[in-house]
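Please examine the sequence and the structure shown here. The briefing that follows is arranged by topic.

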Amino acid sequence: MKRTINLFVLLLLATGISKAQEKAPKIFSPEPEYDFGEIVEGETVNHEFVIMNKGEGKLVIERVRASCGCTAAMPSKKELEPGESAKIRVKFDSKGRYGQQFKHVYVFSNDPENSYLKLTFRANVVAKLSNQNPETAPNIELEKNKIDFGEIEEGAVKEAAIKIKNSGKSKLEIRDIKSACGCTAALMSSTVIEPGKETELKVKLDTKGREGDLVRTITIFSNDPDNPKQVITVSANIIRKK
């Protein structure tokens, strides 16, 4: 009889542990790596990593630690219910750095299987151009460098526009525009902007086949010697069709 009771107790304990494991949180990032590409020494760049709870229990973010040369803020939410997500903003200051840079951000949580999640970003830091007189050089100015479409339904196509002005003394040439992931398209009415003039950059986001928090970038390359690269962040929270 005593042996039967002991076996019953062990069975209950095993069942309890199994159920606890089933309801454990699970930290996850859909894009744990990011490449800033080529940036000019002295430039400060930012990126927002998305983290999610893919488990069945509440995920608690305990702390965030960044490697030397960058800073990372605590996520927009420290406690995530199953299926919820949050963003971690990372800033990298390239002052005094040159060449390929690899940095890591560690997110510590109560995930029983992974005590931390490693996020990685890289950049190639190049020397600032100095062969053009700043008094006669072009100068690129963006109306804004962020587009947040907010909450939108999957399948919708959203559009926005950003004004680009040349506040310099010579012609501003837009040499290239690169969109991350192919889900954004950037169109301009003109790639050459006269001093004091402006043009419009049109941005389109197609959400077909996507879900959850989306963060993408558009990079503008120009002949501005001080700011040859400008990055625009495009974000949205895509929900399923009801």
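**Briefing on the predicted model**

S29 is buried, with a relative accessible area of 6%; buried means under 20% relative accessible area, exposed over 50%, and partly exposed in between (1.4 Å probe, protein chains only). The model is predicted, so local features need pLDDT of at least 70 and side-chain atom pairs count only at pLDDT 80 or more, whereas totals for chains, interfaces and linings use all residues. Residues are numbered from 1 along each chain as its sequence is written, and side-chain values use heavy atoms, with hydrogens and water left out.

**Overall features and confidence**

- The protein chain contains 1 helix and 18 strands; helices (H or I, at least four residues) and strands (E, at least two) are DSSP runs, numbered from the N terminus.
- The mean pLDDT of the protein chain is 85, and 87% of the residues score at least 70; pLDDT is the predictor's confidence in each residue, from 0 to 100.
- Where pLDDT is low, the predicted coordinates should not be read in detail.
- Of the 242 residues of the protein chain, 36% count as buried.
- Of the contacts in the protein chain with a separation of 6 or more, 68% are between residues 24 or more positions apart; contact means heavy atoms within 4.5 Å.

**Surroundings of S29**

- S29 is placed in the loop between β1 (27-28) and β2 (33-40).
- The side chain of S29 reaches the backbone oxygen of V50 at 2.9 Å; a polar contact is a pair of N or O atoms within 3.5 Å, where within protein one must be able to donate a hydrogen and the other to accept it, and residues adjacent in sequence count only if both atoms are side-chain atoms.
- Not counting residues up to four places away in sequence, S29 touches V50, L117 and L119.

**Nonpolar cores**

- The largest nonpolar core has 23 residues, and those with the most contacts inside it are F36, I39, I51, I61, F92, V107 and F121; such a core is a set of buried Ala, Val, Leu, Ile, Met, Phe, Trp, Tyr and Cys residues joined through side-chain atoms within 4.5 Å.
- Two or more residues of this core come from each of β2, β3 (44-53), β4 (59-66), β7 (85-93), β8 (99-109) and β9.
- The element that gives the most to this core is β9, with 5 residues.
- A second, separate core of 21 residues includes I152, I162, M188 and I193.

**Aromatic pairs**

- The whole structure holds 5 aromatic pairs; rings of Phe, Tyr and Trp (its six-membered ring) pair if their centres lie within 6.5 Å, and planes under 30 degrees apart count as stacked, over 60 as edge-to-face and the rest as tilted.
- F36 and F121 form an edge-to-face pair, 5.5 Å centre to centre with 80° between the planes.
- This pair links distant parts of the chain, as F36 is in strand β2 and F121 is in strand β9, 85 residues apart.
- Both F36 and F121 are buried.
- Ring pairs join Y34, F36, F92 and F121 into a cluster.

- K23, in the loop between α1 and β1, is exposed, with a relative accessible area of 58%.
- Not counting residues up to four places away in sequence, K23 touches E56 and G57.
- N133, in the loop between β9 (116-126) and β10 (140-142), is partly exposed, with a relative accessible area of 40%.
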